[in-house]
Amino acid sequence: MNVSVSQKNSNKIDITAVKNIAADLGLNEKLVELLFLRGIDDEEALKRFLYPDVNAFYDPFLMKGMAEAVKRIETAIENKEKIVVYGDYDADGITSTSLMLQVLRHLMPQERLGYYIPSRFEEGYGLNRDALRQIAERGYQAVITVDCGSVSAEEVRYAKELGLSILVTDHHTITDRMADCLLVNPKRADSAYPFRELCGCGVAFKMAQLLQKRCGLPKHVLSEVLDLAAIGTMGDIMPLLDENRTICKYGMQVINRGSRYGLRKLAEGAGLSPGEISSENISYVIVPHLNATGRMEDAYPAVRLLTAAEGDPEVPTIVEDLLRKNKERRRLQQETFEACTAELSVGNFILIRSEHAHE
């Protein structure tokens, strides 16, 4: 039975429809009623929401610019160009960078592949001219951005002057002039992609899907990076709907298998047990540790951790470093809070002036 109910013109729930769907799917009626109230009001939508299916991902080809972007990557690989993945210093940017590096390593030698993450303190978010100049000076020909770049129009123009080819993958709302380059972003005004709320790592995962298909890579190349996409999705607090639910469901399975050495060691160092890690643990334990390195110093160690091979001798040192930085981040946060509340000035509105607060 496939019962549907429309609530557009009424706040009332069709109790008969609720009962029929609950009976058909073997669900509690109150659960079905709650989902109806949230607009998930037919049997197929309920199935998709409650039982995400890894085979139900949308075709990445539907995303504007994706086919051209993947073709450009294939050309760069064929021409033996040096490629740098340019990311961001938060958990989404770190996982996006790691995912893209891991997939590209199946297609090209590691010595022709690098990554760059700007400093939160010295460079700020996104593409910047000094970074692009350094990248060009190091002999790279192509730049793939992850989780940034959609409105970096001037920086992209400068990159072209340096002879760099820029390919942007991003998920942020485009509120300014769009960069004049290959640009993959489900929030483009001309995008017809069915789901707009992917995080940066989610967009990188969609690119990985098309690369896997076009380049004939084995399917496990995709399943192995679902853990990164799940962490990026939860770390960026994306709505757990549609493709995001599928990414997180299967990503959590990969996380709990403990197959990513660096992530497993970080989880253990933070007091988590592989096989028992929850989405709450990801949001409140794993993500803060990844974020802490970019907030205290730079995010390079986190990428190194997430891309490390099994048994990599550097991993324990990196884990200790991330644990230390997160403790320091928490200490500074508490000190800043106490300093700010001590300097509180309350009038018609609250004013806090703290010259020494950490960024």
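A polar contact is a pair of N or O atoms within 3.5 Å; within protein, one atom must be able to donate a hydrogen and the other to accept it, and residues adjacent in sequence count only if both atoms are side-chain atoms. The model is predicted: local features need pLDDT of at least 70, side-chain atom pairs count only at pLDDT 80 or more, and totals for chains, interfaces and linings use all residues. Residues are numbered from 1 along each chain as its sequence is written, and side-chain values use heavy atoms, with hydrogens and water left out.

View A. Helices (H or I, at least four residues) and strands (E, at least two) are DSSP runs, numbered from the N terminus. The Asp 321 side chain has a polar contact of 2.6 Å with the side chain of Arg 324 and another, of 2.9 Å, with that of Lys 325. Asp 321 has 19% relative accessibility and counts as buried (under 20% relative accessible area; exposed is over 50%, partly exposed in between; 1.4 Å probe, protein chains only).

**View B. The aromatic pair of Phe 57 and Phe 205**. Rings of Phe, Tyr and Trp (its six-membered ring) pair if their centres lie within 6.5 Å; planes under 30 degrees apart count as stacked, over 60 as edge-to-face and the rest as tilted. The structure holds 4 aromatic pairs. In this one, which is tilted, the centres are 5.4 Å apart and the planes 55 degrees. Phe 57 lies in the loop between α3 (43-50) and α4 (66-78), and Phe 205, 148 residues away, in helix α8 (residues 200-215). Phe 57 is buried at 15% relative accessible area, as is Phe 205 at 2%.

**View C. The stacked pair of Tyr 86 and Tyr 116**. The ring centres are 5.3 Å apart, with 25 degrees between the planes. Tyr 86 belongs to strand β1 (residues 83-86) and Tyr 116 to strand β2 (residues 113-116), so the pair ties together parts 30 residues apart in sequence. Both tyrosines, Tyr 86 and Tyr 116, are buried.

**View D. Charges over the rings of Tyr 140 and Phe 49**. A charge sits over a ring if NZ of Lys or CZ of Arg is within 6 Å of the ring centre and within 35 degrees of the ring normal. Lys 82 lies over the face of Tyr 140, 4.5 Å from the ring centre. For Arg 245, the charged end is over the ring of Phe 49, at 3.6 Å from its centre.
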